[in-house]
Each structure stands twice: as C-alpha cells, then as structure tokens.
Amino acid sequence: MKLKRKNVGAGILMVVFTVLFFVLTSKFFLVASSQSAEGVDLIEYGKRKWLKSDVLDAKRGTMFDRNGEVIAQDIPSYSVIAILDKKYPNHIKDPEEAAEKLSKVLDSDKEDLKELLSKEGRFQVEIPSGRKVSYRKKEQIEKMKIPGVDFLRESRRYYPNQGFAAHVLGYTGNGEEGVQTGLMGLEKSLDKYLQEKDGKISFVGDAFSRAIPANKESITPPKHGQDIYLTLDEKIQLYLDEAVQEAAKKYKPEKITGIVADPKTGRILAMSNSPSFNPNKKDIKNYTNFAVSYPFEPGSTMKIFTLAAAIEEGKYNGNEVFQSGSYKLPNIGRPIYDHNKRGWGPITYNEGVQNSSNVAFSKLVREKLGYEKYRSYLSKFGLDQKTNIDLPNEKSGSILYNYEIEKVTTAFGQGTTVTPIQQIQAATAIANGGKMMRPYVIDKIMDPETKKTVLSNEPKVAGKPISEETAKQVRDILETVVTDGTGKPYMIDGYSVAGKTGTAQIVGKDGKYISGWGENVFSFLGMAPKDDPKLLVYVAVERPKVEFPEMGSTPVANIFTSVMKSGLQYLNIQPEAKVKNQASKIKKSYGKELPDYTGQSAEKAKSDLEKLGMQVSVIGSGKDITNQEPYEGAYVMKGERVILRTSGDAKMPDVKDWSYMDILRISKLLGLKETITGSGFAVKQSIKPGNPVKEGDFFVVQLEPPKVTESETDSEEEENVEDPGSSEEQSQDEDLPLTD
C-alpha cells in the first residue's frame with residue numbers, strides 16, 4: 001500500500017513536470033518566434049538596456065575675412081541644469097544656498113532661482129540664465145561645488161569682433177529641434193552651406209555604459225558646415241565700424257552707412273551701418289542694411305555720372321562759360337536755382353562742378369546731352385536696376401523721369417532715388433578706366449574636411465559705360481572739387497582724392513521736404529589715389545544733430561578721411577609728392593590769367609586790376625605785396641574779387657556781400673579756420689571789420705541768399721506741376737557750402 005502511494009505521487013509529479021516542461025518549452029518557442037513577451041518587444045528592450053549611443057557634435061561653418069581671419073565661428077558652450085529628484089544621489093539639497101551662489105555668476109534674481117530649484121515632481125530643470133554660458137563661467141560654477149548642479153555641453157555662435165559688419169554677417173538662433181539656424185544677413189542667406197548635421201555612435205555596453213570589447217561600434221560621422229571666405233578685410237572693416245560708431249555717438253544721426261570697395265575688382269572690403277548691433281547679444285534696433293536696402297535721393301553725388309555722360313558724348317567743354325545762379329525752364333514757373341541763388345556770375349563749367357552748381361548740370365542735360373541720351377547713361381551706369389550683390393534684401397531705387405522737371409532734377413540728384421551700393425558700382429567705372437565692376441562680398445565657399453571649393457566668385461565686369469580717357473578726365477575734374485571746391489574737408493595730406501559731395505533733402509511723412517539746420521542727407525563719394533584708385537569709399541549721414549555753426553557734412557568728412565587714410569596706409573600705399581593744385585590744369589576759365597604780383601606795389605597792382613573790372617581788397621599795413629588770392633596763373637573774370645596781402649599787420653575787412661568763394665580765399669590767405677553757414681552772400685561775420693587778425697583765428701561767416709523780388713515771388717506762386725512729387729520745390733539740391 002505504501003509502495004503504491006509512492007508510485008502514484010511520483011506519477012503525479014512526473015505529469016506536473018512534464019506539463020511544466022511543455023508549457024515552458026512552448027513559451028520559449030513562442031517568445032523566440034514572436035520576439036516579444038507580455039506585449040514588450042524584447043529586441044527593442046535589449047537595445048534600450050544594452051545598446052548605448054552618443055551624439056558626435058558637428059560644427060556650423062566658419063566665416064573668414066579675405067586674409068583668413070575668423071569673423072564668425074562655433075565655440076563650446078554649456079547650459080546649467082539642476083537635478084531636483086531626491087532619489088538621485090547628486091541632487092539639490094539646499095535650494096536657497098544654491099540660488100544664492102548661482103545668482104552671483106549668472107546675474108539672476110536669487111528668489112526666482114530659489115523658486116525654480118524648489119519645484120516638486122521634476123527630475124531636473126534647466127536654468128534660463130544659464131543657457132550657453134562660456135567655459136570661464138562653467139569653471140566658476142564648478143569651483144562652488146554646488147550639489148545637484150551639472151552641465152550640458154553645447155555649441156554657440158560667436159563673433160570675435162562683436163559688432164563687426166553686423167548687418168552683413170547677421171546672426172543665428174534656434175530653429176526646429178533646437179538646431180542652430182541663420183536668422184539674418186549671410187548667416188540666413190547662406191544657411192544651406194553653413195548648416196551642420198550631428199553624427200552618432202552606437203555600441204553595446206554594460207550597465208555603466210562601458211563598451212563591451214567583443215562588439216563593433218556603429219558610427220555615423222558628423223557633417224560639418226562649409227566655411228565661407230568673404231571679401232571683407234578685418235582691418236578696414238574695423239576702421240569703418242569705429243569711425244561710424246564714433247560719429248553716431250557724437251552726432252546722433254538718424255542713419256549712417258558706409259562702404260569701402262576695391263574699384264578694380266568690385267570686392268567689398270567693408271560695409272557698416274548705424275544703428276548697428278552686437279550679434280553676440282542680439283541687441284537689435286535696426287534690421288535694415290542701409291547700404292543695399294535703403295534707396296534715397298543721393299543729392300550731388302549723382303553729378304559724377306552726369307558729368308561722365310557729357311564728357312563721353314563729347315558735349316562737355318569745361319572752359320565754356322554759363323550764367324550761374326538760376327535757370328528758367330519753359331512752361332515751369334519757378335527756375336532751377338543754385339544753392340547760392342545769386343550764383344557766382346558767369347563761370348565755366350569746370351567751376352560749376354567745383355561749386356556744385358545745379359544750373360550747370362541742368363544745362364548739360366537739357367541743352368547738351370538731351371534727355372533720352374542722358375536716360376540711356378543712367379541705365380549704362382546701372383542706376384535703374386539692382387547690382388545683384390550677393391547680400392540678401394537688395395532694393396533698387398527709382399528713376400523719376402516722367403516730367404521735364406524730373407528729368408532736369410535727376411541730373412543733380414533730386415527726385416530720383418538710388419542705393420549706396422548702386423552708386424558704388426557706378427563709381428567703379430570712374431575709378432577703373434571705364435570698366436564697371438559688379439560688387440560682391442562672398443569670395444569662396446569651401447568644404448572644411450575635403451578642402452574642396454564648393455563655390456567661387458571672380459571679379460565680373462558689369463558694363464563699360466565710358467572710355468578710359470573719359471574716366472581719367474572725370475577723376476581730374478573731381479580732384480579739383482576736393483582741392484578748390486565744396487570737397488575741401490575731404491583732402492588727405494599726402495594723397496590725391498577725387499570725389500563729389502552730396503547734400504540732399506528728405507521727404508517727410510506729409511510728402512514735403514523737411515527743412516532746418518542739419519535736416520539733410522550729407523554724403524561723399526570719393527576715391528584715392530586719384531590717378532590709380534586703390535580704394536573707393538561712400539559715406540552718407542542722415543540728419544546729424546549739429547548745432548549752428550557746425551556743418552552737417554562734418555561727420556561725413558570725419559568718417560571718410562579717417563577710413564580712407566587708414567586704409568591706404570594699411571595697404572602700404574605710399575604718400576604721393578605734395579599734391580599740386582590741379583585747378584590750374586583744367587580751369588582755363590574765360591577771363592584773364594592772373595600774374596604774380598608778389599613784390600610789387602600794392603597801390604599800382606590795385607589800380608591795374610580795377611581798370612580790368614576786378615574787385616580788389618588789400619589787406620596789411622605794408623606797401624608791397626607778399627601773397628595773393630587767387631594764385632598766379634588762375635583765370636579771373638570781370639567782377640571777380642582779388643585779394644592782395646601786404647607786409648605788416650592784417651586787419652579784417654568788411655566782408656558783407658562777399659561770396660562763399662571769396663570767404664574761402666581770404667581764409668586761405670590769412671590762415672584762418674573758417675566756418676561758413678547758410679548759402680548765398682555774407683551778412684554777418686564773427687571778426688568785426690577793422691579788428692586785427694592772425695593765423696589760426698576762428699572766422700565764422702553767415703551767408704544768406706539774396707532777397708527774392710516781387711516778380712520772382714509771383715512766378716513761384718503761379719507754378720503748377722501735375723505730379724506733386726515732381727515739383728521743383730521737392731527736387732532742388734540744397735548742396736550746402738562745405739568748409740575746411
């Protein structure tokens with residue numbers, strides 16, 4: 001019986017174990033075939049448990065200047081995190097103490113940090129003020145040994161020169177999935193080249209994420225962004241940025257823009273704007289790159305291209321005389337006026353260029369060139385279309401050319417609008433022997449790993465509007481604008497500068513021109529050295545805050561002369577021999593060639609000159625002449641003033657009704673530091689007549705235009721132009737006189 005019970009028990013156990021064996025075997029085969037258990041994918045579970053991975057950081061493409069200097073790059077950065085889960089060994093133990101320490105380094109509010117570090121139910125938090133901190137700050141925080149504080153390694157975009165060419169380079173920000181994306185400037189337009197893609201490494205590891213040697217790693221290499229080499233020159237750009245920001249700080253204008261170009265190639269060496277910003281801080285108040293995106297009435301810098309067109313067509317005779325002051329057009333009530341409404345009497349066209357005479361350029365277009373021919377040159381110089389510079393958001397100006405008044409005023413830069421970059425492109429033809437070069441800023445794009453060039457730009461001729469001989473003749477005449485005309489503040493010791501001033505009115509919100517002291521766009525477009533220009537510079541300053549008697553052109557001159565001189569010296573362009581007065585070469589005016597009176601009797605010279613119809617002023621207590629203005633060999637016309645300096649003490653004459661040029665001449669003769677305000681003829685002077693003067697004295701003279709007669713007033717009131725935007729009142733160039 002006992003044996004029988006044992007056999008039954010053994011049989012039951014055998015059945016149970018047999019059933020269990022079949023159940024387990026079935027389960028094994030079921031799991032093996034389905035690769036899942038209880039709805040869990042065992043393959044994926046294993047991968048999560050044992051397959052480890054890490055990100056291989058890729059780097060956004062670096063930007064370089066033309067000499068290989070880094071101007072934008074990715075650098076390591078760190079985001080500060082705090083672990084709050086108390087189950088984790090290293091967590092925030094004292095939120096108040098941690099907040100106090102972190103607030104000092106991260107410049108954050110202690111109470112806000114304390115609240116963040118005290119949150120319940122969170123494993124970790126990222127500290128907002130601790131995003132993308134520098135390695136230096138990371139070290140500072142690590143030295144504090146705050147429990148629960150850790151770091152995530154990232155990268156951030158860094159611009160080593162801070163606000164360097166900010167509107168050209170732009171800036172980056174977080175795009176989709178936190179990927180760094182260009183949001184402005186070249187960072188945005190070249191994002192497809194600069195964009196990086198992180199890589200990945202996968203391996204089988206133990207619980208401590210250590211790789212198991214027997215297993216192979218799976219690596220997807222990172223794809224670094226491509227490197228951009230620009231035409232910008234770090235040194236010249238810094239010269240321009242510094243000069244622009246200094247002028248902005250001192251004069252607080254609405255806008256400033258400046259461009260430096262190599263006229264032989266079209267390469268843009270520098271481009272700056274104000275207001276500007278620091279892309280590292282993104283303190284952006286102005287998103288517009290004025291150099292390429294802001295068309296405005298250029299004023300008298302437009303006269304450069306009008307002059308070139310007239311010379312190229314054989315319609316310009318610099319020695320021909322015309323009557324300055326005003327120019328009456330048929331069927332238009334109000335005449336075209338010079339900024340000096342009474343003019344300078346009969347003068348030559350060369351003198352008209354030097355004095356920035358609107359009448360001279362109106363007559364050139366209307367009587368010499370013809371409107372259709374002149375319009376064709378506006379196209380030849382590319383002033384009616386975009387330059388297609390490789391910068392985003394380029395705009396094109398508008399040629400206002402419907403009514404006769406618009407065609408005339410376009411000749412001297414009013415009504416019609418253009419951008420600074422359009423003027424730079426057009427001026428390369430003057431500086432480069434007639435060949436107009438397309439401006440560009442991207443030199444090449446290169447793969448940093450293979451060193452293969454992905455994209456390359458070469459100098460490109462955009463047109464040949466004028467001949468080499470015409471270009472040379474224009475430069476010769478523009479040099480006299482600087483040595484003898486409105487461009488005197490732009491002279492640079494040791495270098496010959498050719499250029500043209502511009503002072504244009506600004507249309508207000510009511511559609512009328514704004515008036516007032518300094519309420520203009522003051523500009524200068526110049527090149528140097530004159531015979532073989534290495535640099536072409538354009539500067540424009542809108543509505544600087546200047547107090548009478550300081551001129552609105554002063555900040556423009558400060559920027560131009562500083563940048564041009566520093567740039568030429570940096571390029572190792574040796575100073576020329578003392579620049580001679582070029583006016584005597586081309587200013588063969590109608591009239592008498594002035595002899596040398598030095599050493600002669602002042603009384604006899606005065607008598608001889610008066611017989612020829614000249615106005616003569618003798619300054620000094622001596623009998624014999626020691627100096628004179630104009631200089632020997634200059635051509636003078638009947639009615640022009642000649643100033644004779646004798647030995648002995650000098651006393652200031654009464655300069656009432658003297659012209660702007662007369663004031664410049666007496667200032668030069670006596671070595672005075674003059675400031676001339678207004679336009680027209682002298683009405684007030686700071687040094688009273690009869691007072692003694694010496695070299696270096698300050699001399700302020702106020703000019704006013706002659707009073708308009710009753711008949712002139714009537715004719716102005718009768719003016720009726722169909723297009724209100726084309727009236728002469730809205731198109732006159734108020735090219736104010738400039739001073740030394």
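In what order do the 5 strands of the open sheet lie? The legends below take this predicted model view by view.

**View 1. An open sheet of 5 strands.** The strand order is β14-β13-β25-β24-β23. Pairing in this sheet is antiparallel. Two strands sit at the edges: β14, residues 268-274, and β23, residues 498-504. Each of these edge strands pairs on one side only. From one strand to the next, the twist averages 5 degrees.

**View 2. Strands β13 and β14 side by side.** Strand β13 covers residues 255-261. It is joined to β14 by 6 bridges, and the two run antiparallel. Look for Gly258: its bridge partner in β14 is Ser272.

**View 3. An open sheet of 3 strands.** Here the order is β27-β30-β28, and the pairing is mixed. The edges belong to β27 (615-619) and β28 (625-629). Each has a single partner strand, so one side of each is left without a neighbour in the sheet. The twist from one strand to the next averages 20 degrees.

**View 4. Strands β28 and β30 up close.** Strand β30 spans residues 641-646. The two strands run antiparallel, joined by 4 bridges. Find Glu629 and follow the bridge across: its partner in β30 is Ile643.

**View 5. Helix α20 on the sheet.** Residues 602-611 form helix α20, which packs on the sheet. The helix touches β27, β28 and β30. Its direction makes about 175 degrees with that of β30.

**View 6. Helix α21 on the sheet.** Helix α21, residues 660-670, packs on the sheet and touches β27, β28 and β30. The direction of α21 makes about 15 degrees with that of β30.

Methods: Residues are numbered from 1 along each chain as its sequence is written. This is a predicted model: local features need pLDDT of at least 70, side-chain atom pairs count only at pLDDT 80 or more; totals for chains, interfaces and linings use all residues. Side-chain values use heavy atoms; hydrogens and water are left out. Two strands pair if DSSP finds at least two bridges between them. Axes are lines fitted to C-alpha atoms, for helices over the stretch in contact, and angles run from 0 to 180 degrees between N-to-C directions. Contact means heavy atoms within 4.5 Å.
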